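Here is a short briefing on selected local features of one protein model. Please look over the sequence and the coordinates first.

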Amino acid sequence: MLEDLIKKYIQSCRKTDWLDNELYKFEWAKWVNDNTNFDTTSDDLLYQLALDSQKQIYTNSTGVQFIKQGARKQMSKYIGTDDIAYFREFKEGKTLTDIGFESRNMSFPIVSCWLAAFCPEKIFPVSRTSFADVVRKVFSAKVNNSGIAYIESLQPYCLQINTKLKESKVYQDILKNKLQLNNLSQLEYNWAVQDFLLYLDRNPELFNQENTTQIQIDTIMSNFNLNQILYGPPGTGKTYNSINTAISIINPHFDLAQTRDVIKAEYERLVESGQVVFTTFHQSMSYEDFIEGIKPETKNEKVTYEIKDGVFKRLCKDASAKKTSKNFDTSYSKFVEEVLSKGSITLETPTHKKKFKVIINSNETAVAIPETEKGTNMGVTKEMSRDYVVNGAIRDWKPYTTSIGEYIKSQYPVDIDDVSNSNKKYVLIIDEINRGNVSAIFGELITLLEEDKRLEAKESLELILPYSKMQFGVPKNLYIIGTMNTADRSVEALDTALRRRFSFTEMMPKPELLLDIQFDGFNLREVLETINDRIEILLDRDHAIGHSYFLKVESGNVESLKSVFKNSIFPLLQEYFYHDYEKIALILGSGFVEVKENYKVNFPKFNNLDAPEIGTQFKLIENIAAIENAVQLLLNRNV
């Protein structure tokens, strides 16, 4: 239940003004923490600083009202020097029970708030006794409602909430943005925990199980950024996880703990349904491939040129479609055949009843030719006809588009089905996104990727495409997942406009996954960690080696281990170090690299040229007889 409720809370922070209205307490706690020092400040001065904290102007508030309202007698006596003395004792290591707080001026919940501001590493703020009821519902736990025991009994559960909030990159970004901080400290997370409990306390309907399903689905969806890039060194599972992420976005209840065959079957089902599209960027990828462009096509031994939609535009159209037709292409082909066989047909405009001829050009576009001297020929493309017939939309040339569309509908019936694609999630996976020229591929549409520029958003935008001249926007239900190999190109070198519109999730090697793959005297976890530690020193962490290269190796299978080193590790290191075998020797050791006997090389005498100075050179050992011994040497162990 905790994870689901945290997702609902994060969704509220993203989509409502909940967090905006609560920023004042984060700011108060930071002011108190930044301006007080128990080691160098007297109790009297600390008391004055505590009073001053209630005079400061925070977001939407001067001071913090619930701090004053926690006074035991009257609001003007909400804190005293006795309280400061108690806080000092806690700071110095005494427990709440040892201190007692007999002469305190405030309720115990407010005691926890001051202590959480002064000592964020030691205690969480639990500002309301009603938080006990929240904890009972979330954790099915027995906790106290009053006194020191109330504060102490809630702390373990606050710690669990703290851990979950720290795991959410989305929440971290939200909080940093709201508080205008580059990094979050435990102080901010303390009050994030308090804010989460307050959110549940004020929204008890969230515990209504009848409403959980739809809320849960919406919340899970909100925790995925519309545009994200998984980046890291080769072999860290970026493409592998892009598939998992796509499934989670579209089908949040799917259990990813199942076997890979089951997961791949679900992925293939989503691809088949058109909800997931996979593409790979490369140096030759262009705007015309991705958005739209003029493409040659051979028909009846004649080369024609048509405007063709690219992979991104097609998916955008599918994601925003409200109606669809399975037989429009067939009906349009029959219409083309009829006009070609007759040479032309005559239609009339719907309002003014002006006659015009229709012919078909080499691109299978219907060309309207008015029967007037000043009339201009107008082309109504197949896609324009489709938009009118299927969706009732008119892109241009309204009189001609309407007449041609109505003629097709009357002569060659088109079956139209209502669909709710806007209620579905669609995912475009772009593998190796950094290998393409992103600026050229996305073109002007890079602006439309932003969440607030999507269709139906508050600041939604549409642009006119250069080839088709149609208005185009990116639907809000289309997610983009990119993968990026940092060994190929660093994040810093990526197009700035793209970086600003995508969230980035780093995927580094996970050597812990190799712990159970055992050999004589070592496991593959320590092997990978050792190799990557050396690569980071000699090159950088972007060129680490991923765990996936070793995952299929079985314990004790020396032939499989040899194959991984020879076919995967050797080529990667040769690429990384441009055949600088001295550095490769420092990484792999004498079990994999040997000294090359250069002294046997004789150079001819020629025109008084001096022979080059021959230093020590190294080469990879092609046939490693004892791979386990070689690895022991790599690990600096005696064989």
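This is a predicted model: local features need pLDDT of at least 70, side-chain atom pairs count only at pLDDT 80 or more; totals for chains, interfaces and linings use all residues.

Residues are numbered from 1 along each chain as its sequence is written, and side-chain values use heavy atoms, with hydrogens and water left out.

**Helix 8 and helix 9**

- Helix 8 spans residues 131–139 and helix 9 spans residues 147–167. Helices (H or I, at least four residues) and strands (E, at least two) are DSSP runs, numbered from the N terminus.
- Their axes lie 11 Å apart, at an angle of about 45°. Axes are lines fitted to C-alpha atoms, for helices over the stretch in contact, and angles run from 0 to 180 degrees between N-to-C directions.
- That angle makes helix 8 oblique to helix 9. Under 35 degrees counts as roughly parallel, over 145 as roughly antiparallel, 65 to 115 as roughly perpendicular, and the rest as oblique.
- On the helix 8 side, F131, A132, V135 and F139 make the contact. Helix 9 meets them with Y150, L154, Y157, Q160 and I161. Contact means heavy atoms within 4.5 Å.
- The contact residues divide into eight nonpolar, one polar and no charged. Ala, Val, Leu, Ile, Met, Phe, Trp, Tyr, Cys and Pro count as nonpolar, Asp, Glu, Lys and Arg as charged, and the others, Gly among them, as polar.

**Cysteines**

- The whole structure holds zero disulfides. The cut-off is a pair of cysteine sulfur atoms within 2.5 Å.
- For C13, the closest cysteine sulfur is in C158, 16 Å away, so a bond is ruled out by distance.
- C13 is buried, at 2% relative accessible area. Buried means under 20%, exposed over 50%, and partly exposed in between (1.4 Å probe, protein chains only).
- C316 is also buried, with 2% relative accessibility.

**S12**

- S12 sits in helix 1 (residues 2–15).
- S12 is buried, at 10% relative accessibility.
- Leaving out residues up to four places away in sequence, S12 touches W18 and Y199.

- E432 has a positive phi, near 55°. E432 belongs to the loop between strand 13 (426–431) and helix 20 (438–442). At 22% relative accessibility, E432 is partly exposed.
- N607 has a positive phi, near 50°. The loop that holds N607 runs between strand 20 (593–596) and strand 21 (617–620). N607 is exposed, at 64% relative accessibility.
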